[in-house]
Amino acid sequence: MAGDNMLHAEVCQTEGLTFVARGPSNHWVVLDTSESGGGHGAGSNPMELLLMALGGCTGMDIVSILAKMKESYAGFRVELSGERAEEPPRRFTRIFVDYYLTSDTVLTDNVVKAVKLSAEKYCSVGGTLAPGVAMVHRYHIIRGTGEEAGEVV
């Protein structure tokens, strides 16, 4: 059953709504929900982890692509916000992905190209979500002279 295209994860209940999970990298992650939701607040909830997975996936793409372009920057982060449906299963209906780069030298065209490549070709988490979730990708370049921003995809 397991092949090169198969990924496996194990999720185990520890107590109540608290779970621990690990994949092939063998790193454990704690999942939980708030005390008001019946949990202990001991970990991130599954929807938060989904946003974090998307941010990590696309962030790694952007960093790798900009390195290949020989672009340098002083700081980089991805902020994500997800709008959820009102009714169960309360899935994400739209996700905003904001990329923040601090650099006086990075070329805007290269940032736009990196974001497009991640969004349209490389990010497997985004590719998994995209058919049913509207994705809005925006870049913010923080320069000594101010911020330059735009929407890419």
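In which loop is Asn 26 found? Select the loop between strand 2 (18-22) and strand 3 (28-31), and Asn 26 is there. Strands are DSSP runs of E with at least two residues, helices are runs of H or I with at least four, and both are numbered from the N terminus.

Before moving on, some ground rules. This is a predicted model, where local features need pLDDT of at least 70, side-chain atom pairs count only at pLDDT 80 or more, and totals for chains, interfaces and linings use all residues. Residues are numbered from 1 along each chain as its sequence is written, and side-chain values use heavy atoms, with hydrogens and water left out.

**Stop 1: Asn 26**
Check the backbone. Phi of Asn 26 is near 70°, a positive value in a residue other than glycine. Asn 26 is partly exposed, at 45% relative accessible area. The cut-offs: buried is under 20%, exposed is over 50%, and partly exposed is in between, using a 1.4 Å probe and protein chains only.

**Stop 2: helix 1 and helix 2**
Select residues 46-68 for helix 1 and 108-122 for helix 2. Their axes come within 9 Å and cross at roughly 135°. Axes here are lines fitted to C-alpha atoms, for helices over the stretch in contact, with angles running from 0 to 180 degrees between N-to-C directions. The two helices are therefore oblique to each other. Under 35 degrees counts as roughly parallel, over 145 as roughly antiparallel, 65 to 115 as roughly perpendicular, and the rest as oblique.

Now show side chains. Residues of helix 1 in the contact include Asp 61, Ile 62 and Ile 65. Those on helix 2 include Val 111, Ala 114 and Tyr 122. Contact means heavy atoms within 4.5 Å. The contact residues divide into 8 nonpolar, 3 polar and 1 charged. Ala, Val, Leu, Ile, Met, Phe, Trp, Tyr, Cys and Pro count as nonpolar, Asp, Glu, Lys and Arg as charged, and the others, Gly among them, as polar.

**Stop 3: Lys 70**
Go to the loop between helix 1 and strand 4, where Lys 70 is found. Lys 70 is not a glycine, yet has a positive phi of about 65°. Lys 70 is exposed, at 75% relative accessible area.

**Stop 4: Tyr 73 and Phe 76**
Select both rings. Their centres are 6.2 Å apart and their planes at 55°, so the pair is tilted. Rings of Phe, Tyr and Trp (its six-membered ring) pair if their centres lie within 6.5 Å; planes under 30 degrees apart are stacked, over 60 edge-to-face, and the rest tilted. Tyr 73 is partly exposed at 30%, and Phe 76 is partly exposed at 23%.

**Stop 5: Pro 88 and Pro 89**
Finish in the loop between strand 4 (75-84) and strand 5 (92-102), where Pro 89 lies. The peptide bond from Pro 88 to Pro 89 is cis, with omega near 15°.
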